[in-house]
Amino acid sequence: MTSIRETATAAFIEAYGDEPTGLWAAPGRVNLIGEHTDYNDGFVLPFALPQRTVAAVGPAPDGRWSVCSTLAPDPVTFGVTEPGEVTGWGAYVAGVVWALRDAGFEVPPVRIALASDVPLGSGLSSSAALESSVLTALIDLGGLDVPLERRPAIAQRAENVYVGAPTGILDQSASIRCRKDRALFLDCRTYRIEQIPFDLAAAGLAILVINSNAPHQHVDGEYGERRKSCEAAAAALGVPALRDVSTAGLDDALRRLDDDVLRRRARHIITENQRVLDTVSLLRSGRVREIGPLLTASHASMRDDFEITVAQVDVAVQSALEAGAYGARMTGGGFGGCVLALIDADRAEATAAAVAGAYEERGFTAPTSWVAVAGPGATAL
Ligand code: ADP
Ligand code: MG
């Protein structure tokens, strides 16, 4: 089978007629727990997928930037731009160049060809994988002094300001800072990280990722709505962010919110932050199996309080649990995307078959399932 790096190299040669001088890769991610908490200054716990985006890169003699992708083979070429000038998928790359320059760095002009096996638009963060591979290449090639801890925020600005997607810091942090066999415990207020041991195989366990393949609908609008509700709830409670309300203060906070929707949105964020902390404690002490109920509780909270699930992901969670999973939840921003299930390592096929059967019964498009192992973050190859 042709590897992604070979595909990226071939795409470079095809588009530009010579060999790339280097290859960089950055992974997609699944978030083990901590959904919509990132923009509430809270906690998240992603791990990197083995699936990744590879950027084959070479210098650009004309002093401009060019980028093509196996999904869009005609190169998009641009000089120094401001947000809005490059549109479409090329905006992710123009955005990274812009954000680096805006942070005061001299960005080397390059030609780039991208190839990826991260599913697009499935909540596994192909956009951050793209941004992080390009960002890492530009930093290495330019010899730029950008410490690892600053990089996610630069990639995030590319997506927030240049592309115009109001996402939090989770995706780019995961793609850049995750490590093999570790989950990344990130405090989205301070950017403090801790690498948490996450070697499931050693515990006889596995994470099955189930792509619901449900069509994404109204994602951007709903995402923006949830953000606004969280900000409104924090303002009503007189705190900088919902992160500042602990579970001890939950009942009091709920009493002080007079709007039922705001109350439920806030309850999701406040309880979800605590579930991340509880998951981290269990993982730190090697009690991996016991995180299952926290995953399932997170799903119920996303379904009932945050209202970001759809029938396909609810059915996947339910049938994975019925097939014996220790816990299961939707992962990613919602309205489709993927579900993860914590299972015994030898139950992957049976669980995937149970979910596929439930989908068939309901006439849903068939799901795609695979076992995910925590891989490395962005790197030169
Ligand atoms: P997700 O990050 O969950 O996969 P997004 O909507 O945030 O979904 O990002 C998907 C978008 O990112 C695609 O529509 C496309 O514009 C861009 N993208 C991601 N990977 C690639 C790629 N390899 N080639 C071209 N565009 C890509
Ligand atoms: Mg994305």
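## Annotated active site

An unreviewed UniProt entry places the feature "active site" at Asp171. In this predicted model, Asp171 sits in helix 5 (residues 170–177). Its relative accessible area is 13%, so Asp171 counts as buried, the cut-off being under 20%. Leaving aside residues up to four places away in sequence, Asp171 touches Arg29, Ser125 and Ala128.

Four strands form an open sheet in the order 10-11-9-12, with antiparallel pairing. Strand 10 and strand 12 (368–372) are the edge strands. Each has a single partner strand, so one side of each lacks a neighbour in the sheet. On average, neighbouring strands are turned by 25° against each other, direction ignored.

Strand 9 and strand 12 run antiparallel and are joined by five bridges. Here Asn211 stands opposite Thr368 in strand 12. Helix 11 packs on the sheet and touches strand 9, strand 11 and strand 12. The direction of helix 11 makes about 25° with that of strand 9.

## Helix 10

Helix 10 (residues 311–322) has 12 residues. At 1.5 Å a residue, the helix should span 16 Å. Its end C-alpha atoms are 16 Å apart, which agrees. Just after helix 10, Gly324 takes a positive phi of about 105°.

Helix 10 lies across strand 9, strand 10 and strand 11, and runs at about 160° to strand 10. Its buried residues are Gln312, Val313, Val315, Ala316, Val317, Ser319 and Ala320. They pack against strand 9 (205–211), strand 10 (327–331) and strand 11 (338–344), as well as helix 9 (292–304) and helix 11 (348–362).

Methods:
Residues are numbered from 1 along each chain as its sequence is written. Chains are lettered from A and ligands numbered from 1 in the order in which they are written. This is a predicted model: local features need pLDDT of at least 70, side-chain atom pairs count only at pLDDT 80 or more; totals for chains, interfaces and linings use all residues. Side-chain values use heavy atoms; hydrogens and water are left out. Helices (H or I, at least four residues) and strands (E, at least two) are DSSP runs, numbered from the N terminus. The expected span of a helix is 1.5 Å times one less than its number of residues. Buried means under 20% relative accessible area, exposed over 50%, partly exposed in between (1.4 Å probe, protein chains only). Contact means heavy atoms within 4.5 Å. UniProt positions are given in the numbering used here, feature names are shortened, and annotations may be inferred rather than shown by experiment. Two strands pair if DSSP finds at least two bridges between them. Axes are lines fitted to C-alpha atoms, for helices over the stretch in contact, and angles run from 0 to 180 degrees between N-to-C directions.
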